[in-house]
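Subject: Structure handover

Hello,

Please find the structure below. My notes on it follow.

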Amino acid sequence: MADLQKFISDKLQETIHNADVMGMLQKLLESFQGEESEGLKAQLKEIMEQYEEMADSEKEMFLTYIKELLARKLAKHFQNNPPDLSKVEDVLAGAVRDQMIYVAVVVLIVIGVVGMSIVYIRGLIGERYVTYFN
């Protein structure tokens, strides 16, 4: 289970490092509704306007800082609230078990068909052999 949690954590961090931060901020800005979120909207708009005025090196530094901050927050959240992955493991184990059952059924069918073919061929060869020598 620890390996699965580490795998998920690594993939989330990779996703965060490849994320479009400004796109996420824009979607967040569009999702705010109501008067209570007006202050947050104004702050986000100001951050986005300041970002547009930054030099390329400053933009890179800003985005790297935001991504690292998000990764740390997410890691701390998962450390304090580990996800329950027992159901994921059960689903994966069930899927593997089902696939193995399907493979076993196919193998049994192939063995049956091959066995019946051998019996049929032996029957043909036996009939020809008997009629040839009579």
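At what angle do α2 and helix α3 (residues 38-53) pack, and how far apart are their axes? The angle is about 150° and the axes are 10 Å apart. Axes here are lines fitted to C-alpha atoms, for helices over the stretch in contact, and angles run from 0 to 180 degrees between N-to-C directions. Helices are DSSP runs (H or I, at least four residues), as are strands (E, at least two), numbered from the N terminus.

This is a predicted model: local features need pLDDT of at least 70, side-chain atom pairs count only at pLDDT 80 or more, and totals for chains, interfaces and linings use all residues. Residues are numbered from 1 along each chain as its sequence is written, and side-chain values use heavy atoms, with hydrogens and water left out.

α2 and α3 are therefore roughly antiparallel (over 145 degrees; under 35 is roughly parallel, 65 to 115 roughly perpendicular, the rest oblique). Met22, Leu25, Gln26, Leu28 and Leu29 of α2 contact Lys41, Leu44, Lys45, Met48 and Tyr51 of α3 (heavy atoms within 4.5 Å).

Helix α2 (residues 21-31) also packs against helix α4 (residues 56-80), at an angle of about 70° with axes 10 Å apart. That makes α2 roughly perpendicular to α4. On the α2 side the contact involves Val21, Met22 and Met24; on the α4 side, Phe62, Leu63, Ile66, Lys67 and Leu70.

Finally, residues 100-121 carry the UniProt feature "transmembrane region" (unreviewed entry). Over residues 100-121 the chain is 100% helix and 0% strand, with the end C-alpha atoms 31 Å apart.

Regards

Methods:
UniProt positions renumbered as here; feature names shortened; annotations may be inferred.
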